Amino acid sequence: MRHISLARRLSIGALATSATLAIAGCGGASGNPQSGPSAEGCESLEGKTISVVVPFAPGGGYDSYARLIAPNLGKALNAQVIVKNQPGAGGLVAINSLVHAKGDGTQIAIMNGAGVAAAVLAEAEGAGFSLDDLSYIGRVGENNTVLVTGAESKYETWDDVKASEGFRFGSSGRGSSDFITPSILMEAFDLKNAQIVTGFGGQSEVELALLQGNVDGLAGPADSRRAGIASGEQTPLLSIASERVPEAPETPVFSELDLTERQEMLLTAHQTVNELGRPLVGPANMDPAALECLRDALGTIASDENLLAEGEKQFRPISYVPGKDLEEQVINKIKKLPEEYLSVLKKSF
């Protein structure tokens with residue numbers, strides 16, 4: 001697998017440079033909490049300032065979810081919840097910091113579940129922690145993945161990609177989902193001379209490279225691809241999901257393909273990793289009362305009709321899974337994935 005850096009050769013508009021932006025979960029100069037859904041009987045975090053760390057630059061899907069959730073979480077906890085951006089290493093910088101944070105519940109993060117889990121499973125450099133070094137508060141968004149090409153691309157179907165020689169996947173870096181998914185596809189389908197082009201500051205930069213024809217494809221969260229697909233600037237070719245996704249209802253999912261046993265094993269294992277989605281996490285040593293407060297508060301707001309409607313409006317639908325279910329079901333399944341899948345992950349890093 002060739003791995004080259006191209007981003008420095010692109011003329012890319014400046015992204016927002018602020019590393020810390022805040023959304024208050026409580027209103028007014030007086031600091032009195034606004035009315036809204038609340039987690040009953042929770043005093044552990046009342047009146048505290050809670051940071052939700054986003055492991056990427058402002059403006060992307062994870063950032064959008066954090067800013068959607070933060071004020072509602074603040075209301076439910078009767079606390080102030082702010083959002084902080086800490087990009088780096090495909091999300092690993094922020095999570096490495098988080099596992100060593102205080103366990104009082106005042107520092108949590110929204111995590112790139114698939115990217116982080118893949119890095120941990122691959123024992124990748126930069127992943128200095130295990131999946132057990134985190135507390136799982138709950139999932140807020142799915143991670144259905146769609147591979148898209150540019151509207152003017154010569155690759156119009158997944159069969160075109162399989163028959164290609166030298167297909168160029170764009171990626172924001174090792175450890176990110178747009179790197180891991182191409183690695184699996186390249187291995188499963190033995191794509192000839194395929195490359196993963198890195199060096200971009202985020203998926204918005206990869207999208208620009210896709211439009212300019214500097215890369216051929218981008219594998220990313222379906223909800224982040226919605227605007228490009230709807231505008232006709234991006235053409236969806238394949239979904240890595242349990243069923244067809246609403247962002248690309250005419251696009252086949254991998255299970256609809258004529259797969260060999262090995263291809264099915266690799267893609268099914270990868271879908272299992274994707275099930276972790278976009279979870280809110282904290283350090284493993286979190287105070288039990290604080291963890292329970294956060295879990296209760298997230299569960300409360302995840303059923304709030306106003307939040308659900310706003311999520312749909314922003315094309316960031318809430319897909320809630322309780323933290324306990326993530327630990328007992330998803331994380332346990334991820335720990336038992338086949339060795340051959342883990343071997344592919346290790347090679348990709």
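Glu 247 is buried, with a relative accessible area of 12%, where buried means under 20% relative accessible area, exposed over 50% and partly exposed in between (1.4 Å probe, protein chains only). The side chain of Glu 247 meets that of Arg 226 in a salt bridge, 3.4 Å from N to O; a salt bridge is here a side-chain nitrogen of Lys or Arg within 4 Å of a carboxyl oxygen of Asp or Glu. The pair links distant parts of the chain, since Arg 226 belongs to helix H7 and Glu 247 to the loop between S10 and helix H8 (261-274), 21 residues apart. Arg 226 is partly exposed, at a relative accessible area of 21%.

The structure is a predicted model, in which local features need pLDDT of at least 70 and side-chain atom pairs count only at pLDDT 80 or more, while totals for chains, interfaces and linings use all residues. Residues are numbered from 1 along each chain as its sequence is written, and side-chain values use heavy atoms, with hydrogens and water left out. Helices (H or I, at least four residues) and strands (E, at least two) are DSSP runs, numbered from the N terminus.

**Salt bridges**

A search of the whole structure finds 15 salt bridges. Three of them are tabulated below.

| Pair | N to O distance |
|---|---|
| Arg 226 and Glu 247 | 3.4 Å |
| Asp 223 and Arg 278 | 2.8 Å |
| Lys 347 and Glu 187 | 3.5 Å |

Lys 347 is exposed, with a relative accessible area of 55%, whereas Glu 187 is partly exposed at 26%. Both residues take part in a network of salt bridges that also links Arg 262 and Glu 340.

Asp 223 of helix H7 and Arg 278 of strand S11 (residues 278-283) are 55 residues apart. Asp 223 counts as buried at 9% relative accessibility, and Arg 278 counts as buried at 0%.

**Helix H6**

In helix H6 (residues 203-212), the buried residues are Gln 203, Glu 205, Val 206, Ala 209 and Leu 210. These residues lie on the same side of H6 because they cover an arc of only 155 degrees around the axis, the arc being that of the directions from the helix axis to the C-beta atoms. Their cover, judged by contact (heavy atoms within 4.5 Å), includes strand S6 (145-150), strand S7 (168-170), helix H5 (177-189), strand S9 (217-221), helix H7 (222-231) and strand S10 (234-240). Just after H6, Gly 213 adopts a positive phi of about 80 degrees.
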